[in-house]
Amino acid sequence: MKKIKAIDLFSGCGGVSIGLTQSGFDVTCAVEIDDAAVKAYKGYHLLKNVNVIKGDICDIKGNEILKAAGLRTDDLYLLAGCPPCQKFSMQNRRNNSDEKDIDEVKKLLMQFKRIIKEVYPPFVLMENVPGIKSSFDGRILKEFILDLENEGAVNSERYYVVSSVVNAADYGVPQLRKRFVLHAVRCDILERMKGLNLMLTLPLPTHSKKGENGKQKWVTVRETFEGLPKIKAGERYNDDKIKNHYCANLSDKNILRMRIIRENGGTRTALPQKLVLKCHTTYSGHTDVYGIMNPDAPAPTMTGGCLSYSKGRFGHPFEDRAISVREAARIQTFPDDYVFGESLTKAALEIGNAVPIKLVQASGNVFMELILQLMGK
């Protein structure tokens, strides 16, 4: 059977593309501006044949993307996009009150909408940080959704939209990471779905904290790191099967801090006064900084600083070091055969900016099931 195609805008190093591939889609085109991300993307064997358009989304037209994807306007396919979300993050959102900045904040989201309205794909998937719902009092997201719904337009130029904030841990991701997820279907396709008693939904959770009502328990850090060899701070482990198992170096003082914190609750509040950093003597916020992961719970959110002990709760639960590239990748549910570059900084950014793959796969499964039923498969 011919595979259903998908397009991945703002693809980064390929988290969305891998998740959609795992749910059965044939990702035929991606758009990404960053050189390192494109190199990592094309280096993964499942994505090597994807036609990657490297460039600024602002300069790329919808018909160029369809042509690169090998799609016709009447094909059933999925357009996925995760516009870079730093402007919607909690830290930046506190400053999102000046009206003169609103156009810059929403720029890439509106570029995504432009592409949608140039090609009117049958199905749309978008993921972003939860802060998109409240940035500028929610006006940016409301504008985006209202323009997609486009009340009064013909059905082939308007969408039915469902969206919510979900917890990635509820979908088998070993990470307490909230994401805003949006699914949309073009309204002429929706009419066909109604004739088959089909509805567009968000993915149903498969996991929960306690594993009640037939769900599995959240996946823990302990389970996620199982089978990885022990390494020391700054060490690189190399063999033919385990890739990217290397981590940042640490000073002797930070190793001492880590041991004390691990033995006394996991946060830096356990430190004796002589080991408290000067900047922390007058500031009590960001208590995850210098923290140790709880082995029996999902990990905290992976960020672009996830390989640095000083940038969050990224201390290894048992070993005197920060987590390794491979451990961070597992937390984001990257397959073990995905190989990142040798730069810790670039690997951390690629991993932290990616969407958890199992969360994408859950959304992909929803769309795939609908499309197959529409095709009578």
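Guide: The side chain of Ser23 reaches the backbone oxygen of Leu20 at 2.9 Å, a polar contact in the sense of a pair of N or O atoms within 3.5 Å, where, within protein, one must be able to donate a hydrogen and the other to accept it, and where residues adjacent in sequence count only if both atoms are side-chain atoms. The model is predicted, with local features needing pLDDT of at least 70 and side-chain atom pairs pLDDT 80 or more, while totals for chains, interfaces and linings use all residues. Residues are numbered from 1 along each chain as its sequence is written, and side-chain values use heavy atoms, with hydrogens and water left out.

Ser23 sits in the loop between H1 and S2, where helices (H or I, at least four residues) and strands (E, at least two) are DSSP runs numbered from the N terminus. With a relative accessible area of 8%, Ser23 is buried; buried means under 20%, exposed over 50% and partly exposed in between, using a 1.4 Å probe and protein chains only. Apart from residues up to four places away in sequence, Ser23 touches Gln361, Gly364, Asn365 and Met368, contact being heavy atoms within 4.5 Å.

Met368 belongs to helix H13, residues 357-374, and is likewise buried, at a relative accessible area of 9%. Once its neighbours within four places in sequence are set aside, Met368 is in contact with Ile4, Ser23, Gly24 and Phe25. Met368 and Tyr77 lie 291 residues apart in sequence, yet their C-alpha atoms are 9.3 Å apart in space.

In H2, which covers residues 35-43, the buried residues are Ala37, Val38, Ala40 and Tyr41. Seen down the axis of H2, these fall within an arc of 165 degrees, so they line one face of the helix, the arc being that of the directions from the helix axis to the C-beta atoms. On the face turned away from the buried side, H2 carries the exposed residues Asp35, Lys39 and Gly43. The N-terminal end of H2 is capped by Asp34, which has a side-chain oxygen 3.2 Å from the backbone nitrogen of Ala36.

Helix H3 (residues 62-69) meets H6 at an angle of about 70 degrees, with axes 8 Å apart; axes are lines fitted to C-alpha atoms, for helices over the stretch in contact, and angles run from 0 to 180 degrees between N-to-C directions. H3 is therefore roughly perpendicular to H6, on a scale where under 35 degrees is roughly parallel, over 145 roughly antiparallel, 65 to 115 roughly perpendicular and the rest oblique. Gly62, Asn63, Ile65 and Leu66 of H3 make the contact with Ile115, Glu118 and Val119 of H6. These residues divide into 4 nonpolar, 2 polar and 1 charged, with Ala, Val, Leu, Ile, Met, Phe, Trp, Tyr, Cys and Pro counted as nonpolar, Asp, Glu, Lys and Arg as charged, and the others, Gly among them, as polar.
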